[in-house]
Amino acid sequence: MTAAPENSTPKHTALHDEHAALGASFTDFGGWDMPLKYGSELAEHRAVRETAGLFDLSHMGEVRVAGPDAATYLNSALVGNLAAIAVGRAKYSLICAADGGIIDDLITYRLAEDVFLVVPNAGNAQTVADALIERAAGFDVEVTDQSADTSLVAVQGPNAVAILHTLVPEEQRALVSDLKYYAAEQAVIAEIPVLLARTGYTGEDGFELYVPNAEAPALWRALLAAGADHGLVPAGLASRDSLRLEAGMPLYGNELSREVTPFDAGLGPVVSFKKTEDFVGREALEARRDAPGERVLVGLRGDGRRAGRGGYAVLSGAETVGRITSGQPSPTLGYPIALAYVAPEHAAPGTRLDVDLRGKAGPFTVVELPFYRRGA
């Protein structure tokens, strides 16, 4: 987790009082005082897998990009082909530095032909907003950081559709059911206008709802009330982390960083070399594309009961061949799992390796990602 600057006071989301009233335990994440859990993080994890969980993600950033050059500009600022997104759809992408290192991973929604919403991670929100503003020079585009005024809540789990159906007008039920994955539409939830997106970070079906801060508490309470008969529980960052790890999704600061390129992280397909724009990092990434890498991000399944944790060495015999970036016991699968960077010659699925579990070697096997797949 990203620590706040020394002597700084963590910021509060518009839902902080709601979390406190529910008895949440808080933690500093990216400079924000966020709910870690409300009771049992294991119960919250299982609720998302089996029924539904409600998350406050208001610490994430929101940057609006609008103007005639919006698509061309984003194609120059980010590594993906954002101009190819249809209105109402979204795309996962990266913003990189000139040397190809990852500044952040993010989702971009195309709200209209010349209007986009870029959503960076909490700890990088200001850095990304500043970079996007700087990279807008010379383009007919307006870049507006709306992070401080916007709240984001997520309903994740098998019962997400049923819960939202109880809160939307009758004529919008089909909108909820038919909304495609990585798509967004304007909707009305509990009589509150929202941007409704079918995205998430848990490996389950679900939705993310963007609203002005003033509307967030009423929306949160309405979702909790409507979800009571559908097994919905408030869920904190602890369960969010175990859920995303099972789904094999990277976390900035763990799997992704300025020292990591998209190719290291297995995100090479996110980079579009077919687009004509000279995006930031293009030259470095073109050089890296055809060069053998020194490390590969892999999944590891523990063959024993002890879990590897971030920073633990990965071994082949007595040789250190990599290092874990994220690891813990999987509540859903019942065995330890981890993401790790290892040397390419040890990256093939089925490769047997060890992890240094505080002085004792524990057996692990390289497996294909994700560890957990909904419906599998």
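A hairpin of two residues joins strand 6 to strand 7, and I would like to start there, with strands taken as DSSP runs of E of at least two residues and helices as runs of H or I of at least four, both numbered from the N terminus. Please keep in mind that this is a predicted model, in which local features need pLDDT of at least 70 and side-chain atom pairs count only at pLDDT 80 or more, while totals for chains, interfaces and linings use all residues. Residues are numbered from 1 along each chain as its sequence is written, and side-chain values use heavy atoms, with hydrogens and water left out.

Strand 6, residues 102-112, runs antiparallel to strand 7, residues 115-119, and five bridges join them; two strands are said to pair if DSSP finds at least two bridges between them. On its other partner, strand 5, residues 90-96, strand 6 pairs over seven bridges, again in the antiparallel sense. The hairpin of strand 5 and strand 6 has five residues between the strands, and in it G100 takes a positive phi near 90 degrees. Strand 6 is mostly covered, with nine of its eleven residues buried, where buried means under 20% relative accessible area, exposed means over 50%, and partly exposed lies in between, using a 1.4 Å probe and protein chains only.

Which residues have the most contacts inside the largest nonpolar core? They are I189, V194, L196, F207, L209, L219 and L223, in a core of 31 residues; such a core is a set of buried Ala, Val, Leu, Ile, Met, Phe, Trp, Tyr and Cys residues joined through side-chain atoms within 4.5 Å. Several elements each supply at least two residues of this core, including strand 3 (52-56), strand 9 (150-156) and strand 12 (206-212). Its largest share, six residues, comes from helix 7. Apart from this core lies another one, of 23 residues, among them A71, Y73, I103 and A129.

Staying with helix 7, its buried residues are A216, P217, L219, W220, A222, L223, A226 and G227. Its twelve residues should span 16 Å at 1.5 Å a residue, and the end C-alpha atoms are 16 Å apart, which agrees; the expected span is 1.5 Å times one less than the number of residues.

As for L196, its contacts, meaning heavy atoms within 4.5 Å, include L164, L175, F207 and L209, once residues up to four places away in sequence are set aside. Q172, in the loop between helix 5 and helix 6 (173-178), counts as buried at 15% relative accessibility, and beyond its neighbours within four places in sequence it is in contact with Q186, A187 and V188.

Now for the charged side chains. Side chains of opposite charge can pair when their charged atoms come close. The structure holds 15 salt bridges, each defined as a side-chain nitrogen of Lys or Arg within 4 Å of a carboxyl oxygen of Asp or Glu. In helix 8, residues 237-246, D241 and R244 lie three residues apart, about one turn of the helix, and their side chains meet in a salt bridge at 2.9 Å, N to O. Is R244 buried or exposed? R244 counts as buried, at 0% relative accessibility, whereas D241 is partly exposed at 26%. In helix 9, residues 282-289, E286 and R282 are four residues apart, about one turn of the helix, and the closest N and O atoms of their salt bridge are 3.0 Å apart. Here R282 is buried, with a relative accessible area of 11%, and E286 counts as partly exposed at 31%. A network of salt bridges also links R49, E204 and E246.

I will close with some backbone details that deserve a look on the screen. Within the loop between strand 10 (184-189) and strand 11 (192-197), A190 has a positive phi of about 55 degrees although it is not a glycine, and E191, also placed in that loop, has a positive phi near 65 degrees. A190 counts as partly exposed at 22% relative accessibility, while E191 counts as exposed at 77%. Finally, a cis peptide bond, with omega about 0 degrees, joins L369 and P370, and P370 is placed in the segment after strand 19 (360-367).
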